[in-house]
Amino acid sequence: MSRYERIRMSHGSGGKLTLELIEDLFAATFASAPLKELCDAAVLDNPGGRLAFATDSHSIKPLFFPGGDIGRLAVAGTVNDLSVMGAKPVYLSSAFILEEGFPIAELTKIVRSMKATADEAGIEIVTGDTKVVEKGKGDGIFINTTGLGFIPDGLKIGPQHVRPGDVLLVSGSIGDHGIAVMSQREGFEITLELKSDVAPLNGLIETVLAAAPNIRFMRDVTRGGLAAVANEMVMRKPFGVRIFDAKVPLHHDVVEYSEMLGIDPLLSANEGKVVLAAPPNEVEAALAAMHSHPLGQQAAIVGDVVKKPEGRAIVETAYGSRRMLEMPIEEQLPRIC
Amino acid sequence: MCLAIPYQVIDLQENDSCRIRVGSGVQNCFIGLIDSVKPGDWLVVHAGFAVEKISPEDARENLELINRYIFAKDPADKDAKAESSE
Amino acid sequence: MKNFSPDIYKDPTLVARLKQRIAELAQEFKEPVKIMHICGTHEHEMGRYGLRDLLPDNVEVLAGPGCPVCVCDTEYIDQAIQLALSPEVILTSFGDMLAVPGSIPLKGERKGDVRMSLLDAKARGGDVRAVYSVFDAAKLAQANPKKQVVFFSAGFETTVVAVAALLKRGAPDNFFIIEANYFTPPATHLLPELEGFDVNGFLLPGHASAITGIRIYEHLPDYGIACASAGFDPVDVLAGIASVLRQLVENKPGLENTYGRVIQYDGNRKALAELDEVFARSSKRWRGIADIPESGFQLKGKYRRYSTEERFAEVLADPPERSVNEHPKGCRCAEITLGLARPDDCPVFDKLCTPDNPYGPCMVSHEGTCRAWYIYGMGKERIHVEV
Ligand code: SF4
């Protein structure tokens, strides 16, 4: 592999170069037993119980951004999807679509970052795939990850378990990833204190569930921000959700840049925050558990589940006025007016 | 129609521009339409350029107007004046 | 300047006191009071902070023709699309304009009288980029000397002064603008003459007035309409409303500046001088409304060379097929923009027309009235919460 500085079409041909890439980079870095055997499928132990199974494809510009990179994003994204279902993530696959000419040094950095994130989450990357597309037909690199996790017995998590009176909590500041990435856009490129919050949340979520086993709903905040999660929770349900916008933790860079660009921070993306609905008697335990975890220092109560308006998410402002909170519809773009 | 926000000037730059502080970051701002900008001044910025400068007197008067004229029944109300200078 | 703190204008205590003051003033009226703002940012901020929810039932704030996206003539949108689709062009635009349908029919994709937007041009291979400022667009021209960079110069007087300043100081040779800038005051003057127009007060635009000053609005009180120029933070908006109500209570409709920290009576003279050097006033078509004399900006003299109409005259002489109706069939944007109808008067509001599938322009822009009503839920009813 070291013979080349950039990806060539033959790195995806299934031949010698593919093998070199897998052995020297992927298997060597991910260092999991099934991957080292280079079989067509990973053969895994099954501890029994219910399985959670999730997949997600990742593309992002720029590939490296303050606080993370596409590799960390690809691992954390799938780990978080499993974790919010109450599952304990165990195995991950990773499939790459590389653009011809992509620097192998960058690929190596990304792969190492995936390994570091997987270690942080305590999971193994056990199988993978590589394809190469012609120059100009891809955005450098796309990564798909698929994950498996096991769900402990007795958990009842999902919007169907939510009740009016439940309390909405977030594990920390909202909108960090969206604004951090936007700060690196073409023609913008500013240096901020703010970093993307991309992180695997399984540790935090395990801590919370140990302290508050009757959590009714969990969702990691991603594109669409808190607004999307709040709307998903109540859509077509006989209850609604109310967010107190003054209580939502926000980094001051998120506040300032949202204001400058005319976008709503509640719609800006995260990649390392979880929203959960707790029954009233477990709110304190859940909050304390989050505060005890490094990723939950700024956790806060931000709202509650209400009987009316049904099926809608609303915001109650610092002024006591109310407005609807929209389900995000498009990419957030800077506006003039 | 026009989103514009007050920011404070850090320093002056070439080509009729200055740097303003936005959060922990720094942005460039065109100041060709404003007279005598100094570091520390507050500018009202719309889409990358300063629309106006906020003078300390105007800012004070603005707040006084809101406090005094709006709240008091009589614009010359003494109590209201005292209140606005708190 | 230590003693200026922008946060004071967002202060909940001041807001609460203004709310109370407005409630007191409102008790003096038997009839409902209608106040019109003419600035989309007022609409947006009112929505975001839920300010209508703080007003008494008999005080209604409606949106006038203050959304540049909503009033932009289809001819400019179509021109932008046409240019975006020519391979030599990079089309730059404020994000707001990208999803606005013009009048080129978009066949086969969705039901109804659907028209192309710049996003559709992008999906068809056009190089369309959202920029934050005209300066960014000029930088892009510098960085891409082999391309023709076109800036879709939409917006009102606030936005156009930056274009004037840039061109006056010299822009790259491969940089051109679509002259879609509008001037608000002439449209405002038209309103009181409209049949069925029954507005009692105006909230005059904040940042547009920072450029023009408010002297040009002096004759509005002659129609018995109380005017206040207002800023955009919650305290500013409510102060403007309180000022209008107070003038009406005292039966002395006038012109008050409640945003004096930014607006000078005669505006920003330096900006106006540069504007005058680069642009002339011209008659412009306000979408679906009328041709309004003196209501637009057109490059003049030696600056005409930056006009897409000069540079791309040949391409533009051969326009694509266009629909004859300015607004899609049934869309009531024009009346809504004039305060003569409300979004819920439109039969397709929240049905065929939603923000993810905008049918008319007022559903596109963040400050379009239909969109603001849709996303912030500003129907006739308040939001009732039951815990
Ligand atoms: S809802 Fe508004 S934008 Fe949509 S068609 Fe009706 S008037 Fe036009």
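**Interfaces and local features of the predicted model**

Arg236(A) sits in the loop between α7 (225-234) and β9 of chain A. Helices here are DSSP runs of H or I of at least four residues, strands are runs of E of at least two, and both are numbered from the N terminus. The phi angle of Arg236(A) is near 55 degrees, a positive value in a residue other than glycine. The model is predicted: local features need pLDDT of at least 70, side-chain atom pairs count only at pLDDT 80 or more, and totals for chains, interfaces and linings use all residues. Residues are numbered from 1 along each chain as its sequence is written, chains are lettered from A and ligands numbered from 1 in the order in which they are written, and side-chain values use heavy atoms, with hydrogens and water left out.

Chain A also holds cis peptide bonds. One joins Lys61(A) and Pro62(A), with omega about -5 degrees. Pro62(A) lies in the loop between β1 (50-58) and β2 (64-65) of chain A. Another joins Lys308(A) and Pro309(A), with omega about 0 degrees. Pro309(A) is placed in the loop between β11 and β12 (313-316) of chain A.

Over all chains, the structure holds 46 salt bridges. The term covers a side-chain nitrogen of Lys or Arg within 4 Å of a carboxyl oxygen of Asp or Glu. Asp304(A) and Arg242(A) form such a bridge, at 2.8 Å from N to O. Asp304(A) belongs to strand β11 (residues 300-306) of chain A and Arg242(A) to strand β9 (residues 240-244) of chain A, so the pair ties together parts 62 residues apart in sequence.

Chains C and B meet through 56 residues of chain C and 40 residues of chain B. Contact means heavy atoms within 4.5 Å. The area buried between chain C and chain B is about 4,000 Å², and carbon and sulfur atoms give 61% of it. Buried area is the accessible area (1.4 Å probe) that two parts lose on being put together, summed over both. Two salt bridges are counted between chain C and chain B. Asp35(B) forms a salt bridge with Lys270(C), with the closest N and O atoms 3.4 Å apart. By class, the side of chain C that touches chain B has 28 nonpolar, 16 polar and twelve charged residues. Ala, Val, Leu, Ile, Met, Phe, Trp, Tyr, Cys and Pro count as nonpolar, Asp, Glu, Lys and Arg as charged, and the others, Gly among them, as polar.

Chain B also touches chain A. This contact takes 13 residues from chain B and 17 residues from chain A. About 1,000 Å² is buried between chain B and chain A, 58% of it on carbon and sulfur atoms. In chain B, Leu3(B), Ser24(B) and Gln27(B) lose the most area to chain A, together 46% of what that side buries. Strands β1 (5-13) and β3 (25-30) of chain B are the elements that give two or more residues to the side touching chain A. The largest share, three residues, comes from β3(B). That side has eight nonpolar, five polar and no charged residues.

The ligand has 13 residues around it, and Cys331(C), Arg332(C), Cys346(C), Cys353(C) and Cys370(C) come nearest. A residue counts as near if one of its heavy atoms lies within 4 Å. The shell divides into eleven nonpolar, one polar and one charged.
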